[in-house]
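Please keep the sequence and the structure in view while reading.

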Amino acid sequence: MTDRPTRLLLLSSVFVIATCGLVYELVAGTLASYLLGDSVMQFSTVIGVYLSAMGVGSWLSGFVVRGEARLFVRVQFLVGVVGGCSAALLFLLFAHAASFRVLLYGLILLVGILVGLEIPLLLRILKDRLEFKDLVARVFTFDYIGALLASLLFPLVLVPHLGLVRSSFLFGILNVAVGLLTLRVLGDGGRWSASMRGVGILLLALLGAGFAASGKIMAWSEQSTFSDPVIFARSSPYQRIVLTRAAGDLRLHLNGNLQFSSRDEYRYHEALVHPGLARFPRARDVLVLGGGDGLAVREILRHDNIRHVVLVDLDPEMTRLFRSQELLVKLNAGSLDSPKVTVVNADAFSWLAAATNQFDFAVVDFPDPSNFSLGKLYTTAFYERLGRVLAPGAACVIQSTSPMVARRAFWCVDQTLRASGFVTEPYHVYVPSFGEWGYVLASREPIPDHLRLPPGLRFLDADTCASMFRFPPDMDRVPTEPNRLNNQSLVRYFEEEWSKVTTTP
Amino acid sequence: MNTRRRTFLKAGIAAAAGLGGSAFGVRAGGSFTGGMVGVDSALGHRFRDGGFPEPTSSEATEILVVGGGISGLAAARELDRLGLRDWKLLELEPEAGGNAASGRNAVSEFPWGAHYVPLPGHDTPEVTGLFEELGIIVRRDARGLPVYREEFLCHDPQERLFVDGRWQEGLVPQFGIGAAERSAIAAFLARMEELRGARGNDGKPAFAVPVDRSSRDPALLALDRETFAAWLTREGFTSTALRWYADYCCRDDFGAGMDRVSAWAGLHYFASRRGEAANAPGHSVVTWPSGNGWLAGRLREGAGGRCSGRAAVFRVVPADGGVEAWVWHADRGASVRHRAKAVVLAVPQFVAARMIGPEEAAGPRAGGVYAPWMVANLTLRSMPLGRGAPPAWDNVMRDSRSLGYVVATHQSLHPVPRATVLTYYQPLDEIPPAEARRAAAERGWESWCAQILADLRPAHPGIADLVERIDVRVWGHGMACPVPGWIWDGRRERLARPHGRVHFAHSDLGGMSLFEEALVQGTRAARDVAAQLAGKAGA
Ligand SMILES: Cc1cc2nc3c(=O)[nH]c(=O)nc-3n(C[C@H](O)[C@H](O)[C@H](O)COP(=O)(O)OP(=O)(O)OC[C@H]3O[C@@H](n4cnc5c(N)ncnc54)[C@H](O)[C@@H]3O)c2cc1C
């Protein structure tokens, strides 16, 4: 068995092993910096741990006295499975593992040790087939070239085209394939070889399935979409709720869309509530549609004249979370548990149809009209129903997406309210995490100008408030079709305009 | 309705589970339930074969309406409006509705047949009147244009077409066709637009709804003697994409393709609608989760307790200056002689023929062509995914013999899409109607399900995993088919004339199976009855 093809085969497996080894290291490093942030730190600790683990592996190889070939096959299979699945495992377990670092470094250690075993074992397998100087020269040549290849492939091909999860499955498959090849070349054809071949094929199938299902795995693990660590993730029947936190910044994402950042949500919510409500010193009853986070309610309760707030949010999971999670309750000042507040979990359209109460002010804080189902909540049909629960002289305010990014969408909301018989006062504000954001204040009759802001605001004062109602030329009114159930013009504007920018809110 | 519950195990998935697929997290045991739904066929066969016993008792009302489709319900409504409240409506099925029947389950209501009405224009005050009464039209704006209740207008997006592996918006083909095809389609549509405004030499619109309000200009009526396909060829409309579209429209409205329906009927489809609304384009439609079942329901409410279901009328004979209907009441297990001063037969003409006598059963009344249909309602855990344009109300697949499906939850106002019901339509027009009826009667539920899922798979690869139940209904005589001659050879007018005290009202007398025809025919028959009874009283 000292023929040329066998040697070549074994040497080329050095090449593959080296590529795989480096890819796992890069995957772990990249993942760690994705998930834990601070990439220089993460990368260097990952590389350090990985290299020392390889050292441990090489050292351990000294304890192997015989059966190098069999052990080599086993190691290949193990590296293939552990390394191949590592990225998927890390992604999936991130939001759930009690200590993610233990898991991360545990995996890195394991893969490192196994990879460290490979080259010494291979050297020993090949030692009778080559002269020592040739052996060392060739093995290390292939090793280094493999590493070079990996370092080029990784940023240029693997990350952009396959993604981390799929790449690591792919290299797992290569490792197992090397194991099978070795089995074929060095195997004795006995029972052990046969059963190991079976195992190898099963592993190939498993990794192949992982490769094929990578998209689903990624969709499952939020982490792929978030740059900050996920501290809470749950699916309600209506949406995927994810909270992330980094350096004191708490963010809520619904179905992957940012709802607020605790750093600047006060700007958004003060601007949502006060420019309208502060002009109704005698308002008592307020309706909030959407806004299950209780942040708009927090602002409403700053007005002493308010006696009763009804909050209608579709998702019980949302209102439960914002009543029970400590950080969130701190953020909304426990507004949802205020004796003045009634929380109703229902869909706004049918709730309005059945509602008999009248309100002095209404705050409509729905998700952006990014699909046809949500677009129905911004139609003339909806505003007509809303109009029926407003007391004479009352007003409502609608969050209306960004007049900067989606200028036509914003003015379409305004136009729709006008088509439903409202007079409107559109305005906008700058929220750093969102960008320029818009609202439309609407009422049946013009509302008095007198503004009485409550104390304790961090952002709004009379001057700021006045400036918000002025639109510079690049955000100014454009003609649009009112949004109706039977034309969904808003969703069409919104899609067209938001698709031009890469980052969605 | 009788539903046979069965379980259909998807062989592929079951096998995978058997091989330990579940160990790998593959969803095991993908199964769904459902069955054949529909007319009590035993009752139908007994009607055809004359197997009902002679009446043993008798009842009397002033007027009898036989058949509870839209035409029968419309006749009953009009009688009430004319102050004739002493009537009874007899319907074969447990509930009135006919081709506008609907069903419901935990997920949604859904149609079994008719599912929409185009916005009416000036030609059909009967329809606008009803729409005002039912709150579909809420008011008129300053220009006098009707304002429709927005929830009832078909929500956007209305239509999409699956072609070359992806969904496009709208039904007029756009993808994968060249400039020549595109301009052929544009030319055709421009021609139809022109015909929509055209008038005949008698000053009436060339094509109107109802059919009888169209012009009698001989040059136009001549179009009823050739097929629509022949007309298209003659006019140089040879583009494949255009002909697909024209054929689809014919099959959708008449249950038969452009090579079977008359050119007049085909053109009528494109050129008869002049709807108008203040808050929607004129070509919009109104629809509900239950389709026209909503309209049938509202009309039933108006009828109160005067409708009898499971009542098979099997003979209608003149008696003592009035009429007598022999009725098998399945619930009582007995036949009853219903006497009345007049009767409205709101049933298809071939059914009416069997009721009124052997000479009619062999005559022209029995000679219409009726297209058989298969309709299935698929209850799904969620909307199936597909490439391209998002789900619309009407979803058509170009390379399919079906007409695609309508989404029952499309009109839902709930902001998060959830489980849904799809109503899948297929005219059984590949073989002649009689053969198709026979083949369909023998076909089992499993076979229909397999065919439906195979048809939907290219557009929705994952659909089989989402199915919770499939119910299938076959309409043996779904709709009167306007083959050349049927509309304008004079037969319809003759068949519509009353036989003494027996009046006829069914959409097939209008020449086309449409809600508007049913409403107008029923209303007209009721007015004729009123006039006849008033004349008698005066004499
Ligand atoms: C699959 C399908 C889809 C359709 N879609 C549309 C659509 O979207 N829009 C549209 O406008 N039209 C549509 N139509 C046409 C539809 O037929 C008409 O709109 C309308 O509902 C017809 O009403 P009708 O009263 O004329 O007839 P039918 O609905 O046929 O009414 C006849 C009634 O008579 C009853 N009957 C029969 N025999 C007896 C008996 N012996 N004793 C007592 N009662 C009896 C029947 O059970 C039935 O209820 C569709 C039809 C089909 C089949």
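Contact is taken here to mean heavy atoms within 4.5 Å. The model is predicted, so that local features need pLDDT of at least 70 and side-chain atom pairs count only at pLDDT 80 or more, whereas totals for chains, interfaces and linings use all residues. Residues are numbered from 1 along each chain as its sequence is written, chains are lettered from A and ligands numbered from 1 in the order in which they are written, and side-chain values use heavy atoms, leaving out hydrogens and water.

**Cores.** A nonpolar core is a set of buried Ala, Val, Leu, Ile, Met, Phe, Trp, Tyr and Cys residues joined through side-chain atoms within 4.5 Å, where buried means under 20% relative accessible area (1.4 Å probe, protein chains only). The largest such core has 96 residues, of which B:Phe228, B:Trp231, B:Val316 and B:Leu345 touch the most other members. Its largest share, nine residues, is supplied by helix H8 (residues 240-254) of chain B. Leaving aside residues up to four places away in sequence, B:Val316 is in contact with B:Val323, B:Glu324, B:Ala325, B:Val343, B:Leu345, B:Met355, B:Ile356 and B:Val502. A second, separate core of 95 residues has among its members A:Ala362, A:Ala394, A:Val440 and A:Phe494.

**Sheets.** Helices (H or I, at least four residues) and strands (E, at least two) are DSSP runs numbered from the N terminus, and two strands pair if DSSP finds at least two bridges between them. In chain B, five strands form an open, parallel sheet in the order S14-S5-S4-S18-S24. Strand S14 (307-308) and strand S24 (502-504) of chain B each have a single partner strand, so one side of each is left without a neighbour in the sheet.

| Strand pair | Bridges | Direction | Bridge partners |
|---|---|---|---|
| S10(A) and S11(A) | nine | antiparallel | A:Val423 and A:Ser443 |
| S18(B) and S24(B) | three | parallel | B:Val344 and B:His503 |

**Helices on the sheets.** Angles run from 0 to 180 degrees between N-to-C directions, with axes fitted to C-alpha atoms, for helices over the stretch in contact. Helix H11 (residues 349-356) of chain B lies across S4, S18 and S24 of chain B, running at about 170° to S24(B).

Note on methods. Buried < 20%, exposed > 50% of the residue type's maximum accessible area, 1.4 Å probe, protein only.
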